Amino acid sequence: MKASLTMLVRQQLGCLERILRVVRHRGFTINDLSVTPDALANHYVMTLSVESSRGINLLTNQLVKLFEVEELTLDSGQKVKGVNYAKSA
Amino acid sequence: MNGSQYLVNALEANGIKTLFGYPGGAIMPVYDALVDSEIEHILCRHEQGAALAADGYARSSGKLGVCIATSGPGATNLITGLANAYLDSIPVLAITGQVASGLIGTDAFQEVDILGMTFAVVKQSYLVEDVNDLPAIINEAMSIAVEGRPGPVLIDIPKDIQLNRIQTPVVQPSNVSHQQSIHSTASQVSELEVKTVLELLAKAHRPLAYVGGGVGIAEAESELRSFLQSSQIPAVSTLKGLGATGNYHLNLGMLGMHGLKAANFAVQECDLLINFGARFDDRATGKLNQFAPNAQVIHFDTDVAEVNKLKAAYVGVIGHLKSSLERLNQSFHQMQFDNARWIAWSNWCYEQKEAHAWQYEKPGDVIYAPRLINTLSNMSCSNAFISCDVGQHQMWVAQHCQFEQQRFHLSSGGAGTMGYGLPAAIGAQLAHPNAVVINVCGDGSFAMNIQELMTLKRYSLPVKILLLDNSSLGMVRQWQHLFFKDRYSEIDLSDNPDFVRVAEAFGLVAKRINKKADEKEGLRWLLQQDSPALLHVVIDSCENVWPLVPPGASNCDMLEEKLK
Ligand SMILES: Cc1ncc(C[n+]2csc(CCOP(=O)(O)OP(=O)(O)O)c2C)c(N)n1
């Protein structure tokens, strides 16, 4: 299973490590990754393409629990947390 | 006011009365601030003891437990305790000193990247970069630890930040009580979810409640009990769920690897499994695809990530268990539900429970640990706390003790941390100074945090230690016997010290029993002590825990004791 997702991440010490750790630990490999500071100060926009034998919900359900992850949108447009970033941007 | 003074004042203002810790270079300013504080600091003799004592304090009371350590080895020694709290969803705040900001990243003396090392075992963590961030960080950390699904939170504070003047020295008590608040989880149970649950119940012939630790954490035990009483649905419980159902007659006991036969049979047979705050842990489910094979699943949980993680739920009810159960109870009563459909099933479950009740008769003159533990449970008052370590004795406690509420049973479930019991008992005794607190431990586990006997003595904590000595790492021996063809490897502890003299050297009163005839008298002696005490119980070194579901097998394939 392959999926892409976009997250709006509050810039806080360790936030990127925290996210990448969850991705690895929950059994997903990263095919592509980009991180750009958002126009809004103190945020990153993080886009991830991942692959796993597990369902993507197992990852997104864990990612949305991270306090720094303010919005999470799947490439299908499905918003998993927060306001739909793709639309509001 | 400096950062350290602010921290200590903020903890105090937020109702923290007890801290478990150990001083050192990078945390000295905080220890200096503690000199002027009302907070009682408990000097544990190892930071692991401090972290596990904070866990025991929190687990037994529902309040936030706080531990504190210096940088480097002090901080790394906390990690096992944080993992323990993380895996069992216990609210713990850990505060660590760090080398001065400018030295971070230079491999300075006693510098470890504790933030980086603990990501996997905390709910949230902070490295403070500016003293003026402290107020917000402390408030947020305390709220996060207790809210929703609780867990450990770490604040790492560099030494210069501890000493810097803080510009806003006003300590603002946050409005959180540092106990669970029902309203903390945003999502509320929807009409549709409740309707679906009721529809499933209306069709079920063999419903079964599967009760986990989440019920007690959410303080939803009375709501659960009223649901069970009014529905007369049988219940099974996880290790952490023990006690949630009180003395409900259709409670079949613990399920899983060392579960009761009636409980495991019921899971195999049920056609509707209602999970209240459990997480389909492998020790509970056995081979997952053969767990509740005929059942549809309803899953009540506060953590969205638990629903559909391991077993698909027909309906997931996400939200605080107390409010979810209240909603369920209301709707259930309004419907005046007819449970005649499952009366035959409930009766069958009850018959299984009776038919497979424990037998405590054992030929011979030696002490039979299950009987001893059961006698302990019957002799001690109903609101005694029992903490255990990890191994066979832990399973005997789970099998043979009755708990009136979950919080009386302090057991390291998710992590299985040997050495948990003594520090946890210390934490529980400090949270409940007048309660009876008993630590049931094995000879292997006892040695893991034996240094905390000094803590017992120093603070005159009347913890009662029941040491079950089988001269071996019993649980590992049992597995080597059953699954490694009796090839015993590093499990022999027959050169144990004289535990009575060890205890006495630490200032405890101690006594030894080794005969069946002494079981009751020994326990009576232990329970009567009002200072720290140890009863050394010599048990058969070949005794095993039964029944047992082999790893990877289905819960219906329980191995039983072969009578000699
Ligand atoms: C810190 C830690 N190390 C190792 C283990 C693996 N382990 C599980 S049970 C056990 C034996 C425990 O022996 P003891 O405390 O004497 O209890 P018994 O099983 O004999 O009752 C061991 C080594 C563990 N759970 N925790």
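This is a predicted model: local features need pLDDT of at least 70, side-chain atom pairs count only at pLDDT 80 or more; totals for chains, interfaces and linings use all residues.
Local features here need pLDDT of at least 70 and side-chain atom pairs pLDDT 80 or more, while totals for chains, interfaces and linings use all residues. Residues are numbered from 1 along each chain as written, chains are lettered from A and ligands numbered from 1 in the order written, and side-chain values use heavy atoms, without hydrogens and water.

**Exercise 1.** Find which residues of chain B make polar contacts with the ligand.

*Solution.* Start with the shell: 17 residues surround the ligand, counting a residue if one of its heavy atoms lies within 4 Å. α18(B) gives the largest share, four residues. Now look for polar contacts (pairs of N or O atoms within 3.5 Å). A polar backbone atom of B:Q392 sits 2.8 Å from a ligand oxygen. For B:N470, a polar side-chain atom is 2.8 Å from an oxygen of the ligand. B:S472 brings a backbone N or O atom to 3.2 Å from a ligand oxygen. Finally, the protein buries 76% of the 580 Å² that the ligand exposes when taken alone (Shrake-Rupley method, 1.4 Å probe).

**Exercise 2.** Work out whether the length of helix α6 of chain B fits its residue count, and how buried α6(B) is.

*Solution.* First, the length: at 1.5 Å a residue, the 13 residues (134-146) should span 18 Å, taking 1.5 Å times one less than the number of residues. The end C-alpha atoms are 19 Å apart, which agrees. Next, burial (under 20% relative accessible area, 1.4 Å probe, protein chains only): ten of the 13 residues are buried, so α6(B) is largely enclosed by the rest of the structure. Among them are B:L134, B:I138 and B:V146. Last, B:G148 follows α6(B) with a positive phi near 55°.

Technical notes:
A polar contact is a pair of N or O atoms within 3.5 Å; within protein, one must be able to donate a hydrogen and the other to accept it, and residues adjacent in sequence count only if both atoms are side-chain atoms. Helices (H or I, at least four residues) and strands (E, at least two) are DSSP runs, numbered from the N terminus. Buried means under 20% relative accessible area, exposed over 50%, partly exposed in between (1.4 Å probe, protein chains only).
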